[in-house]
Amino acid sequence: MRRDTMTPDNRSPGPPVSVLVAGLGNLGGVILELLAREPGVGRLVAASRDEARGVARVNLARLGALAQGRAPDVTFAPLDITDAGGVGDLLRREAPDVVVVTASLETWWLPDLLPAEARAPLARAGFGAWLPVHLALPLAFMRAASAAGFRGHVLTAPFPDVVNCVLGRVGVAPACGVGNLDEIVPKVRHLAADRLGAPIDEIDVTLVAHHALERITFGATPPGELPPHFLRVARGGRDVTREVDAEALLRAPYPLAWGPVMHFLTAGSTVRLVGALASETPVRLHAPGPAGLPGGYPVLASRAGVTLAPIEGLTRDEAVAINERSHRFDGIARVEADGTTVLVDETAAVLRETLGYDGARVAPDEAALMARDLLARFREYAARHGVDVARARRMGA
Ligand SMILES: NC(=O)c1ccc[n+]([C@@H]2O[C@H](COP(=O)([O-])OP(=O)(O)OC[C@H]3O[C@@H](n4cnc5c(N)ncnc54)[C@H](OP(=O)(O)O)[C@@H]3O)[C@@H](O)[C@H]2O)c1
């Protein structure tokens, strides 16, 4: 593997990219803050439904960047992703090079607020239980973007390891997702460098892994069988996977601030990816859900787009098979040819028993309706266990 495609330091920056952040909740806000301070970013538009909150967020990002010595061209635009015409108009008007979709019907960290006995069954169900909540808006956005003939690169945040796979099945795959396995890679790099006493710049990690691996890697799910994955660590091009005991590094305790504050980690991954999309030459990094594939992979990103990076000793089909087999660790049995997603029996049973919700099969067109039902039942469940979801959201956002 050549070192010159391995680190962002080797990118050859072209002109600055213009970026639209679609969805201005907690993650969108953090991504906006970092992008506003990024030299490779040109025009920056933040779009969401709540105009007053959105304008205030944009003003904060502008002043923060100015305070830091940068003067970003950043504005707010109203956007309701369920209005396909409005999405098309915005994309035609702004013509961004890159869109980062962070809009979602609900955030991911609320179940973690429940008391242990109420949280445990939902954790056992896997994150796939919440698929409709994370699927509905990226699906609406990608359909609207496709209808408008949008040609820019779209990056998605909501559960891309599965959502992008569904989007691919219905013919509207985004370029790739952000975060997830790209949040595990820095942990392994850091620990490997420590173990070898090597400068971190010399350490390269190659990982094929699904979202399901991340919670275990950071201790949020009790240790158990790890989802299938492929992991290689190299130092200056030499394979040191065994020397550093890379598998142990995955499981090694690594206390991490949990909850919305983790969005700084996701945003770091996103900003690097956006920077790579400004590069004339390919930059090797990791991303979930490229080209509608399940799980995450090493990818090559440049102004031309995102492609899978070749992995020595592992074919593309083998890599995809690893992530197909990992779906079930997130409660997903399979994604069918028309994008209908089938939950594993245990996940469907937990949802029935805890929330009284029946949703073993998620057809893409029913995701929005199912999400509304699922969220209403979750709010009741949370209230029964002493958690006021609306209040918790206000505190976290
Ligand atoms: N890939 C990763 O590594 C990673 C990491 C963290 C989070 N995530 C995912 O990222 C997503 C966002 O997380 P979050 O914590 O930022 O959630 P959040 O705080 O709830 O933000 C979601 C935002 O979506 C916007 N939205 C909702 N409906 C909309 C619509 N119809 N049109 C336009 N915008 C709409 C809302 O803003 P308005 O009310 O202003 O419209 C809301 O604030 C979730 O799916 C989460 O699971 C992924």
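Across the whole structure, a search identifies three cavities of 30 Å³ or more. A cavity here is a set of points, on a 1 Å grid over the protein atoms alone, where a 1.4 Å probe fits but cannot get out; points are joined across faces, edges and corners, and a volume is the space filled by probe spheres set on them. The model is predicted: local features need pLDDT of at least 70, side-chain atom pairs count only at pLDDT 80 or more, and totals for chains, interfaces and linings use all residues. Residues are numbered from 1 along each chain as its sequence is written, and side-chain values use heavy atoms, with hydrogens and water left out.

The largest cavity has a volume of about 70 Å³. Its lining residues (an atom within 4 Å of a point) include Thr-107, Phe-127, His-134 and Phe-378. Helix 5 (131–147) and helix 13 (367–384) each contribute at least two residues to this lining; helices are DSSP runs of H or I with at least four residues, strands are E runs of at least two, and both are numbered from the N terminus. By class, the lining comprises eight nonpolar, two polar and one charged residues.

Of the 29 residues around the ligand (a heavy atom within 4 Å), Leu-27, Arg-49, Thr-107, His-134 and Val-178 come nearest. The shell divides into 11 nonpolar, 12 polar and six charged residues. Helix 1 (26–36), helix 5 and helix 10 (263–276) each supply at least two of its residues.

Polar contacts are pairs of N or O atoms within 3.5 Å. A side-chain N or O atom of Thr-107 is 2.6 Å from a ligand oxygen atom, and a polar side-chain atom of Arg-53 lies 3.4 Å from an oxygen atom of the ligand. A polar backbone atom of Val-178 is 2.8 Å from a ligand nitrogen atom. Taken alone, the ligand exposes 910 Å², of which the protein buries 93% (Shrake-Rupley method, 1.4 Å probe).

## Aromatic pairs

There are four aromatic pairs, counted where ring centres of Phe, Tyr or Trp (its six-membered ring) lie within 6.5 Å. The rings of Phe-127 and Phe-159 have centres 4.8 Å apart and planes at 90°, so this pair is edge-to-face (planes over 60 degrees apart).

How values were computed
1 Å grid on protein atoms, 1.4 Å probe; cavity = no way out; pocket = protein on both sides within 12 Å on 5 of 7 lines; lining within 4 Å. Nonpolar A, V, L, I, M, F, W, Y, C, P; charged D, E, K, R; others polar. Polar contact = N/O pair within 3.5 Å; in protein donor to acceptor, adjacent residues only side chain to side chain. Phe/Tyr/Trp six-rings, centres within 6.5 Å; stacked < 30°, edge-to-face > 60°.
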